[in-house]
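Please look through the sequence and the model shown here before reading on.

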Amino acid sequence: MPGDFSFTHSNGQGISIVVSSFEDRNLFLISNLEKIGHVVDLLFPRTAVPVQRNGAPEFETRNLFGPDTGIYDLLISRLARVFCSLRLDQKPVRFLLGLDWTGQDEVAFLSEVVDAVKTGLTRKSAFPVTVKPTERSRLDSELAQSSQYNELYSWQKDLKRDEFVLLDGPPYSNGSLHVGHAVNKILKDFIVKSRVLLGQTVDFRPGWDCHGLPIELAVRKNSNEKEASRIRELAQQHATNVINEHKSTFKKWGITADWNNPYCTYDSSYMANQLRIFGKIYDKGYVYREFKPVFWSPSSQSALAESELEYNDMHVSKAVYFSFPVINFDISAVGVTRWKRREPPLISAMIWTTTPWTLPLNDAISYNRELQYSLIQFKDNEKEPVEHYFLVCHDRLEFIQEQLQRPFNLISTFNGGVFKDIYYRSIMHNELALPFYHGDHVSSTMGTGLVHTSFAHGFDDYKLGLSTNSRVRSFVDSNGRYTRDLGTRLEGKHVLKEGQDEVLNMFKKNILRQEDLTHSYPYDWRTNQPVIIRSTRQWFIDVSEVGLRCVEQINKKNIPFHAGNHDLRATMTSFLLSRPDWCISRQRVWGVPIPALLDIHGSNHHTSAAFIHAVADQIHDDYNWYWNATEKQLVELLGNRDTNPEDVKKSTDIMDVWFDSGLVWHTLNGRVADVILEGRDQFRGWFTSLLLTSMIAEDRIPYKQVVVHGFTVDDNNKKMSKSKGNVINPTTITDGSLKSPAIGVDGLRLWVALYGSENPGDVRIGQSVLEDVKLRLKQVRLSFRFILGALEGYNGDTPTRLNYLDQYILKETGRLEKKIHLLYRDFEFRHGTNETLQFLRSPFSSTYINLVKDRLYCDRIGSSSHKAVQYTLNAVGNTFIRILSPIMPHLVSEYCSHHPLLKSNLSSSYRELLLRGEQDDYIYEPQLDEIIKLTQNLRKKITETEPAKKEYVLKFAKRDEELLSNVQKETFSVDSELVELLGVGSVLLEGSGVTELSEISGNLYVCKRCRKRNSEDGDRLCKRCSVVLGI
């Protein structure tokens, strides 16, 4: 008696029906409002022994709570009949009711509720509709263990089928896993399990990115350790602990992978192979070391690559319009021969910059000789003792006037070529004249058309410095502070803080306007602090031609970059074509060394491919060999007799972690990955580093296609952050918390399927989303509960024949399976999951279950017709769990644990499901599709409620006569297949010019057992029910 009979009404509402049994009464909670409005007791006359009551049952009701309106009289009277028919009328029943059917037909609405109660009471499956949150985690663990999920990977590898290679982009081995990790790893698991289902053997070796700044910072913070070798030791321990924690959680999520053989970028074997590939790239001439601008993180004290930046759209910079006094500008050369004062006008160049901290480091002013420039005089200067003219781009005049709010007079307009050989006075050194240089990067769309240029602190600036053979010097140290070269007022001051304030104060007479500008600015993605552009000597990989070569190969081989039907190839090509040379060196201690010897008194370096390979061989046996080696040992290994160990020092730079993970293709041992899958941020990260390194070293693309997913956000589409309090821990989803009940591992996996797959945009998660997931999960469990309840006593017998209704659902399920396989093949897991859930609603529930319940509940158990239902439900159920096995493996195992033929050995049952492939070998009736189409069109025209309690006449056109004869040979029938397909009480066939169905008033009565209008005597059961009960 006790149980959960909750179901989804045909109107889409979820209706909770929970039954409890006590010594003195039974308790029924029935609600679609999540609250109770009435408490009603149902009392039966006492009898000495249980009896079968014929006719209308005797009972009375007592309203204990809520208005006594009688709105539930119909429901309670019908349930009283059900209790009597099932001999459950020996104890009172207390109803806790909270139903709302506003706007719906009362009889139709309540009939489904009554049917659900009857179904629940007559079925014996122990499969619950919901699992108690307190038991959810334990059940998931038991199912994983009994189904031997941890052995699934090795089992499928032993099958020796066609191989499918999934290359894992490594998560970082620092910190706990979040919902973003869940999206990524579970999507990969969908691929693994679906490919096994599709008949392939999958190679999936998980990995971790183990080096880099976050781990080093965590170790320094927790230990206050400063000695490099000790930091490396602690960092390795830290990464190992995190990897073990991650691995345990991934296994809990049901992830199938080669857990016994992961790759970790801190393994000495991985590092050795990385250095060998680096040596190969060096030997090809792609690696160079040079003093040039890089993105520099003062907070990390290291260079960064573009892929290590995050852009803060709310960064506030000091923006200034600034004037530099020009020395030798001949105004007569631009047509100005007269002025108002005796002394010639002062001439200044006006620039605009958002990095005023670089003003003391100014080397030149850039102009564009193709632009038109103007001399202007502000009107508020007209009465000054000395006139003052400013040089600006002519196309920017209107904008400048608007920004400065200072009207001006236009003095002259001229071509930019005039600036050749013009000089201006340095603001730091009054005696120093600095040049104007032409630069193609100068445009008329920003600033003043004259660009403040600092060769050491801008990429275009640096190129200009090289093209003019200028000296490039940096006077900013690794902490982002001015050096002593700039004088005592600036020495030691941070360029983005007090140093910049001091600059603005020192040169306030040159400032024409100052404002706070909110704009996008690069930040260090690890420390979340702003970066600067700073020249320093670094190692680079020349990718100037490699990006173009990659794009050509992507187009030639038609490599897809996609998320569902979103084509993202253009995004990839844009990153490849716009990428600057790759700065691969970092000034930290936890990472793979760049083997080299550096001159103590110069800028030269000493290394070679052979030297790098020799170091790799040593590191393969000893992770710390390079760090412990002396300069003398390294010189001997270098093999250069002319190098004095006392004149060189060991390079302590380490490699960019993106170079570490970008070489993971080498773990495939010459194979190409069939697919890689990562978040959309990896276009400028791992997707690119993987491609560039493989193209340089191996001249090939290391993958056949790329699948992309999005970023997680909350219900309101806001980025998750601890400060906003909207971060959701995956454990609270699977195991629950004080605020949220557990929905299990498969709840988490179903969320990933429905919200994370085929979506390059935002992946929403929050309470409303999780409520939706719970409802979808409950829908599946309701269907599974019905199937398993129907299979009580099923022994696997195959019936001699299936009804058309059975054949219909089997054929539709076979079509569904073929469709799902195609969707899985294209990595469309959201589409596939939605298709399956929709199929469970219709046609499985709304058509098949609705129509077959009469045969299932009322035909004799063991009869051929009853066996046909069980055979069909078993086959359909097996198809459902096959196609859902990649998405919700725990639910599939739970289904198997309650299945009479599968529960004896869950491990073998689960694996056999993956091996069966598409099961659709039944030979269907030739006119099945036409018959189903005809009867379903007729059903749509039935407007009466409870059609099973009504009689119908079916007038048919000549063209439909043959079809109808397959499902009803008699003129009149109460038990033909046509009656079942239409869901009515009886059908009278009449020839006519058009096929139509209508209700008639016949002479039959409603059977008190099966509730169909098919009985010839109002006081007796129908013939079928009389035979079944032996009456």
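Leu-750, Ala-753 and Leu-754 in helix α20 meet Phe-829, Arg-830, Thr-833, Asn-834 and Leu-837 in helix α23, where contact means heavy atoms within 4.5 Å. The residues of this contact between α20 and α23 divide into five nonpolar, two polar and one charged; in this grouping Ala, Val, Leu, Ile, Met, Phe, Trp, Tyr, Cys and Pro count as nonpolar, Asp, Glu, Lys and Arg as charged, and the others, Gly among them, as polar. Helix α20 covers residues 744-756 and helix α23 residues 829-858, and the two pack at an angle of about 110 degrees with their axes 7 Å apart. That angle makes α20 roughly perpendicular to α23, since angles of 65 to 115 degrees count as roughly perpendicular, those under 35 as roughly parallel, those over 145 as roughly antiparallel and the rest as oblique. The axes are lines fitted to C-alpha atoms, for helices over the stretch in contact, and the angles run from 0 to 180 degrees between N-to-C directions. Helices (H or I, at least four residues) and strands (E, at least two) are DSSP runs, numbered from the N terminus.

This is a predicted model, in which local features need pLDDT of at least 70 and side-chain atom pairs count only at pLDDT 80 or more, while totals for chains, interfaces and linings use all residues. Residues are numbered from 1 along each chain as its sequence is written, and side-chain values use heavy atoms, with hydrogens and water left out.

Turning to the sheets, four strands form an open sheet in the order β20-β21-β16-β22, with mixed pairing; two strands pair if DSSP finds at least two bridges between them. The edge strands are β20 and β22 (451-453), each of which pairs on one side only. Neighbouring strands of this sheet are turned by 35 degrees against each other on average, direction ignored. Helix α10 (residues 459-467) packs on the sheet and touches β16, β21 and β22, its direction making about 70 degrees with that of β22. Within the sheet, strand β16 (residues 364-367) runs parallel to strand β21 (residues 433-438) and is joined to β21 by three bridges, with Tyr-437 as the bridge partner of Ser-366. Strand β20 (residues 423-425) pairs with β21 in the antiparallel sense, also over three bridges, and here Pro-435 is the bridge partner of Tyr-423.

Another open sheet has three strands in the order β30-β29-β31, and its pairing is antiparallel. Strands β30 (605-606) and β31 (648-650) stand at the edges, each with a single partner strand, so one side of each is left without a neighbour in the sheet. Three bridges join strand β29 (residues 597-599) to β31, and Asp-599 stands opposite Val-648 in β31. Helix α16 (residues 631-638) packs on this sheet, touching β29, β30 and β31.

Leu-33 is found in the loop between β4 (26-31) and β5 (38-43). This leucine is partly exposed because its relative accessible area is 36%, buried meaning under 20%, exposed over 50% and partly exposed in between (1.4 Å probe, protein chains only). Leaving aside residues up to four places away in sequence, Leu-33 touches Gly-98, Leu-99 and Asp-100.

Finally, a search of the whole structure finds zero disulfides, a disulfide being a pair of cysteine sulfur atoms within 2.5 Å. Cys-1007 is in no disulfide, and the nearest cysteine sulfur, that of Cys-1010, is 3.7 Å away, which is too far for a bond. Cys-1007 is buried, with a relative accessible area of 0%, and Cys-1010 is buried at 8%.
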